[in-house]
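This report describes a structure for a reader who is new to the subject. Please keep the sequence and the structure in view while reading.

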Amino acid sequence: MRGYSGRVLAVLVSVGVLATALTVWAGVRAARDRPVQGGQLPGMIAVEAALVVQAVVIGVLQAGGHPVPDGILLWGYVITSLCLLPAAFAWAFVERTRWSSVVLAIAAAVVVVLQVRIWQLWQ
Amino acid sequence: MSSTPEASHDGADPRPRAYGAGRALVAVYGILALAATARSLYQLGTKASEAPLPYALSGLAAVVYVVATIALAHNGTRMRRVAWTAVIVELVGVVAVGTWSFIAPQEFPEATVWSHLGQGYGYIPAVLPVLGILWLWRSDPARLVRAETSPRTR
């Protein structure tokens, strides 16, 4: 089981690094008084793709017998982390000021925090 | 964030960009409301009998956050009063429960949103009501009108 957990950790860290990069990117744009731009969409898609991979890996390993003491909570975090960035981008269509960048930075930062919580619950 | 009274001459909105800031605040409130609601439903649904007091408080906090999110987003005359009530209840709640949980930790075997000043949520529950009060004061229509008619009192 040790190797499987290593794989989960690798995916979690990848998501964390990508989401941190997106947080910084959005934070810099917020500091420069710029709204979210279309060019940031690939960044969001990269994080979302990694999150989907993560959900699949967790689902497969859990189905394969990895014991998760608090499954409902774990999946609550997984699903929440999948919804945050699309919501922030939908927000950006309505709010064409620097504050859409603030919202995106916050959403991406929450994704990072959720990765830590998912790892705690997985172990 | 500076807005000058001259800005109104060219037809631009002379108010500070607080409109967007208010929306960002609503976003943070929304995330916290979602987190608190999901968590308390889960706690109350699966293990309410284990720690009734903390879980009941979590449920109460979740309801207040949902109300605050909706009221702040709506921003109408009556909804602003609702928002004022909600953020003040939050501030009182987080300070009271926070203090209580430091004095009598045995009453709180399980963490709530408000225990230890919202430690489990990065102290955001303690900071948010303060930001909410600042925002409600800053975006108060009566205050903005006063500020526009007599710039020196801004």
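Against which helices of chain B do the buried residues of α3(B) pack? They pack against α2 (52–74) and α4 of chain B.

## Basis of the model

This is a predicted model, in which local features need pLDDT of at least 70 and side-chain atom pairs count only at pLDDT 80 or more, while totals for chains, interfaces and linings use all residues. Residues are numbered from 1 along each chain as its sequence is written, and chains are lettered from A and ligands numbered from 1 in the order in which they are written.

The predictor's confidence in each residue, from 0 to 100, is called pLDDT. Chain A has a mean pLDDT of 90, and 98% of its residues reach 70 or more. Where pLDDT is low, the predicted coordinates should not be read in detail.

## Chain B and its helix α3

Chain B contains 5 helices and 0 strands. Helices (H or I, at least four residues) and strands (E, at least two) are DSSP runs, numbered from the N terminus. Of the 154 residues of chain B, 32% are buried. A residue is buried if 20 or more other C-beta atoms lie within 10 Å of its own, exposed if 12 or fewer, and partly exposed in between, with C-beta atoms placed from the backbone.

Helix α3(B) has 27 residues and spans 39 Å from its first C-alpha to its last, close to the 39 Å expected at 1.5 Å a residue; the expected span is 1.5 Å times one less than the number of residues. Its buried residues include Ala83(B), Val87(B), Glu90(B) and Val94(B). An α-helix has 3.6 residues a turn, so residues three or four places apart point the same way.

Ala111(B) lies in the loop between α3 (77–103) and α4 (124–138) of chain B. Why does Ala111(B) count as partly exposed? The reason is that Ala111(B) has 17 other C-beta atoms within 10 Å. Its C-alpha atom is separated by 8.7 Å from that of Ser58(B), 53 residues apart along the chain.

## Where the chains meet

The contact between the chains takes 12 residues from chain A and 10 residues from chain B; two residues are in contact if their C-beta atoms, placed from the backbone, lie within 7 Å. On the side of chain A that touches chain B, α3 (71–94) and α4 (98–122) each supply at least two residues. Helix α4(A) gives the most, with 6 residues.

## The nonpolar core

A nonpolar core is a set of buried Ala, Val, Leu, Ile, Met, Phe, Trp, Tyr and Cys residues joined through C-beta atoms within 7 Å. The largest one has 64 residues, and those with the most contacts inside it include Val47(A), Val103(A), Tyr29(B) and Ala68(B). Helix α4(A) provides the largest share of this core, 13 residues. Not counting residues up to four places away in sequence, Tyr29(B) touches Tyr65(B), Ala68(B), Thr69(B), Leu72(B) and Leu128(B).

Gln115(A) is also placed in helix α4 of chain A. It is buried because 25 C-beta neighbours lie inside 10 Å. Leaving aside neighbours within four places in sequence, Gln115(A) is in contact with Leu12(A), Val15(A) and Gly16(A).
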